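Could you walk me through how the pieces of this protein pack together?

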Amino acid sequence: MLGRTGEAKGATGVAAGIDAPGRLVELLDRQAYLADEGLATAAFLALRMGRPLFLEGEAGVGKTELAKALAALLEAPLIRLQCYEGLDAAQALYDWDFARQLLHLKAAEAAGITDVGRLEGEIYDRRFLIARPLLKALETGPSVLLVDEIDRADDEFEAFLLEVLSDYTISIPELGTVRAATPPVVVVTSNRTREVHDALKRRCLYHWLEHPDFDREVAILLRRLPDCTETLAAQVARAAARLRGAGLVKPPGVAETLDWAEALLTLGAKELDPDRAAATLGAALKYREDVESVLSRGLLRHE
């Protein structure tokens with residue numbers, strides 16, 4: 001793949017069997033991911049148009065899980081780049097394995113090889129290159145590239161990512177150009193801890209994920225937790241919705257609702273009574289202030 005000069009194929013070939021958003025809903029359902037029409041349409045268009053999908057919304061609403069479900073249904077590896085403050089191009093793209101290069105030089109010295117040009121060519125061989133997520137995604141076709149929580153990265157990395165996603169190529173000075181034969185399916189997520197620049201959003205198809213409505217959340221609980229009763233699922237979903245409207249620092253997302261229901265099931269609960277709800281509240285809420293607020297206001301005692 002190094003040094004390819006031909007045009008990269010679009011991502012549509014990966015999803016050739018998906019002919020409508022409704023079909024994608026069915027396939028995601030088989031992966032235990034229940035997508036609504038809006039999300040399924042955005043994902044379908046991203047697949048067919050070969051465009052990155054930018055998902056924004058509060059933590060725990062299913063952004064990362066969608067990328068996992070897409071990878072599973074496309075039978076493609078999921079390559080995840082977890083963003084954080086200070087992330088730079090080298091950490092996301094590639095690095096040289098200096099330890100192995102040094103061992104190679106020592107072995108060459110022991111063998112009496114002194115040709116500097118030959119040694120320099122050998123130590124910058126592809127076998128000494130460590131592929132980080134972005135390079136790995138370009139070299140793996142097809143694949144699903146998850147750029148998770150881009151809002152945690154710096155502006156400089158955002159600009160670099162935009163450049164990579166514009167033509168799915170990177171340049172390695174010692175080796176040449178890497179061009180994706182089949183561009184990865186790209187899912188970029190943001191929890192909106194800061195605004196992401198318009199330039200990156202314009203490159204992508206955009207969708208805002210809301211918390212699911214009551215019926216969908218109950219369906220998610222029943223699908224992901226087979227031992228959960230409809231009564232418990234409904235009570236947990238109703239309680240989670242109540243907490244989301246309580247002005248908490250970090251209201252529970254779907255991930256926390258699932259954890260909460262699972263914790264209750266682990267304790268053998270068939271219904272959500274106030275005592276067990278309070279005892280397991282740490283599965284749904286992650287801030288002391290939120291827990292104290294919920295308990296002091298008696299929010300777990302409402303039906």
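The axes of helix 10 and helix 12 (residues 254-266) come within 10 Å and cross at roughly 55 degrees. Axes here are lines fitted to C-alpha atoms, for helices over the stretch in contact, with angles running from 0 to 180 degrees between N-to-C directions. Helices are DSSP runs (H or I, at least four residues), strands are E runs of at least two, and both are numbered from the N terminus. Helix 10 and helix 12 are therefore oblique to each other; under 35 degrees would count as roughly parallel, over 145 as roughly antiparallel, 65 to 115 as roughly perpendicular, and the rest is oblique. Their crossing is right-handed, that is, the near helix is turned clockwise from the far one by less than a right angle.

Who does the touching? On helix 10 the contact uses E217, I220, L221 and R224, and on helix 12 V254, T257, L258 and A261, where contact means heavy atoms within 4.5 Å. Sorted by class, that is five nonpolar, one polar and two charged residues. Nonpolar covers Ala, Val, Leu, Ile, Met, Phe, Trp, Tyr, Cys and Pro, charged covers Asp, Glu, Lys and Arg, and the others, Gly among them, are polar.

A word on the source: this is a predicted model, where local features need pLDDT of at least 70 and side-chain atom pairs count only at pLDDT 80 or more, while totals for chains, interfaces and linings use all residues. Residues are numbered from 1 along each chain as its sequence is written, and side-chain values use heavy atoms, with hydrogens and water left out.

Helix 10 (residues 214-224) also packs against helix 11 (residues 230-244), again with a right-handed crossing. On the helix 10 side, F214, E217, V218, L221 and L222 take part, and helix 11 brings residues including A233, V236 and R238. This contact has nine nonpolar, no polar and four charged residues.

Elsewhere, helix 1 packs with helix 2, which makes helix 1 roughly perpendicular to helix 2. P21, L24 and V25 of helix 1 meet A40, T41, A43, F44 and L47 of helix 2. Here is how two of the pairs look in numbers.

| Pair | Angle | Axis distance |
|---|---|---|
| Helix 10 and helix 11 | about 130 degrees | 9 Å |
| Helix 1 (residues 21-30) and helix 2 (residues 37-49) | about 105 degrees | 9 Å |

In the loop between helix 1 and helix 2 sits A32, which has a positive phi of about 65 degrees although it is not a glycine. P142 lies in the loop between helix 7 (133-139) and strand 5 (144-148).

Zooming out, the chain is divided into domain 1 (3-85 + 132-208), domain 2 (94-126) and domain 3 (214-295), with bounds from an automatic or database domain assignment. Eight residues of domain 1 are in contact with six of domain 2. Domain 1 and domain 2 bury about 650 Å² between them, 61% of it on carbon and sulfur atoms. Buried area is the accessible area (1.4 Å probe) that two parts lose on being put together, summed over both. Within domain 1, R132, E174 and L175 lose the most area to domain 2, together 61% of what that side buries.
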